[in-house]
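I am opening a notebook on a structure that is new to me, and I want to record what I looked up, in the order in which I looked it up.

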Amino acid sequence: MNWHILGAGAIGCLWALRMRQADLNVTLINRTLQAPYDQLIKIKTQFQTHSINVKVESATETTPIQHLLITTKSYDTLSAVASVAHRLSHSCQIVLLQNGYGHQQQLIKTYPHLPIWLASTTAGAWRHSPYTIECVSEGTTLIGSMQPHAEEFPDGWSRLRPQIVLSDNIDHVLWKKLAINCAINPLTAYWGCKNGQLLDKPELKIQMQQVCQEIEALSALKGMRPFSPPLFELTCDIALKTAENHSSMLQDIRANKKTEIDDMTGYICKEAKHLNLDVPMNAELYAKIQGMSLSKLESRP
Ligand code: KPL
């Protein structure tokens, strides 16, 4: 069984390792590549460094894809899948393992005939350099689907370790992850600190708490299930467990890349505006990160 992976960032590489360890074949897809080659990936975990060789091929190949894992940035999802649309078999299994909320529904609408699973992980991993990853916490990964599928897990996923947990309410899981990302990512990106440092500085902890309170108010207005335990507690727990991690937004800012702020805090601000709710701390962080991304773009040669 072969899984193709689109998106060779920290999470994509970590999954390449987990799949290989579960005896699944893995091929990375590179959208700008001409000829296929073998790539060495190094992943440092708490106890050892793993090295695996993975085939990298171009999106324009013609061999069919039966299993596709998407770990690209959320804003890239539709274009990434479109780049391999000519290769998707009629029953191709797709798993989305990304941050952000809302793009998943768009993909399901675009490919209603394909089985699509949605997954969310709290694994903390960051990229030292392309294909060299440090995984600071294995995290928990939940998976579920919004379509009525026969199988619970996509092929081979029940063999992955740490074990993937089935969720019967993946929408709530994705919403919760979005909320946690909104409380951690913009603050770490703005202050240039590791996740755990948010807990050491009282003024940052207060801002994190304010983000959480605003999102809890929004959730209530949207009639969503309350967070349990409360969102601030959940967020502090993830910040502690991923204390040594550089959040994905901080990594993007440092690498001069587009951030996922629109699909995270931007999404919260848009939903709040729609419901006439003030979310001042989220709005402030949204403006700050947008400003940082703009100034980075402007300073490019
Ligand atoms: O998802 C993450 C991210 O950085 O995007 C967390 C869980 C906050 C880990 O850093």
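Entry 1, confidence. I began with pLDDT, which is the predictor's confidence in each residue, on a scale from 0 to 100. I noted that this is a predicted model, that the mean pLDDT of the protein is 95, and that 97% of its residues reach 70 or more. I also wrote down the scores for the model, an ipTM of 0.98 and a pTM of 0.93. I keep one caution in mind, that where pLDDT is low the predicted coordinates should not be read in detail.

Entry 2, domains. I looked up how the protein is divided and found domain 1, residues 2-168, and domain 2, residues 172-291. The C-alpha centres of domain 1 and domain 2 lie 24 Å apart. I then checked where they meet, and found 20 residues of domain 1 in contact with 19 residues of domain 2. On the side of domain 1 that touches domain 2, helix H3 (103-110) and the strands E7 (116-121), E8 (124-129), E9 (132-137) and E10 (141-144) each supply at least two residues. Of these, E8 gives the most, with three residues. Sorting that side of domain 1 by class, I have six nonpolar, twelve polar and two charged residues.

I consulted UniProt, where an unreviewed entry carries the annotation "domain: Ketopantoate reductase C-terminal" over residues 169-291. Over residues 169-291 of the model, the chain is 67% helix and 0% strand, and the end C-alpha atoms are 35 Å apart.

Which residues surround the ligand? I listed Asn99, Thr122, Gly124, Asn181, Ile184, Asn185, Asn195, Ile238, Thr242, Asn245, Ser247 and Ser248. By class, this shell around the ligand divides into two nonpolar and ten polar residues, with no charged ones. Helix H4, residues 170-191, gives the most to the shell, with three residues. Why does the ligand lie between domain 1 and domain 2? I concluded that it lies there because both domain 1 and domain 2 give residues to the shell around it.

Finally I turned to helix H8, residues 265-274, and asked which of its residues are buried. I found Thr265, Tyr267, Ile268, Cys269 and Ala272. As background for reading this list, I recalled that an α-helix has 3.6 residues a turn, so residues three or four places apart point the same way. After H8 comes Asn276, whose phi is positive, near 60°.

Terms used: Residues are numbered from 1 along each chain as its sequence is written. This is a predicted model: local features need pLDDT of at least 70, side-chain atom pairs count only at pLDDT 80 or more; totals for chains, interfaces and linings use all residues. A residue is near a molecule or strand if its C-beta atom, placed from the backbone, lies within 6 Å of it. Helices (H or I, at least four residues) and strands (E, at least two) are DSSP runs, numbered from the N terminus. Ala, Val, Leu, Ile, Met, Phe, Trp, Tyr, Cys and Pro count as nonpolar, Asp, Glu, Lys and Arg as charged, and the others, Gly among them, as polar. Domain bounds come from an automatic or database domain assignment. UniProt positions are given in the numbering used here, feature names are shortened, and annotations may be inferred rather than shown by experiment. Two residues are in contact if their C-beta atoms, placed from the backbone, lie within 7 Å. A residue is buried if 20 or more other C-beta atoms lie within 10 Å of its own, exposed if 12 or fewer, and partly exposed in between; C-beta atoms are placed from the backbone.
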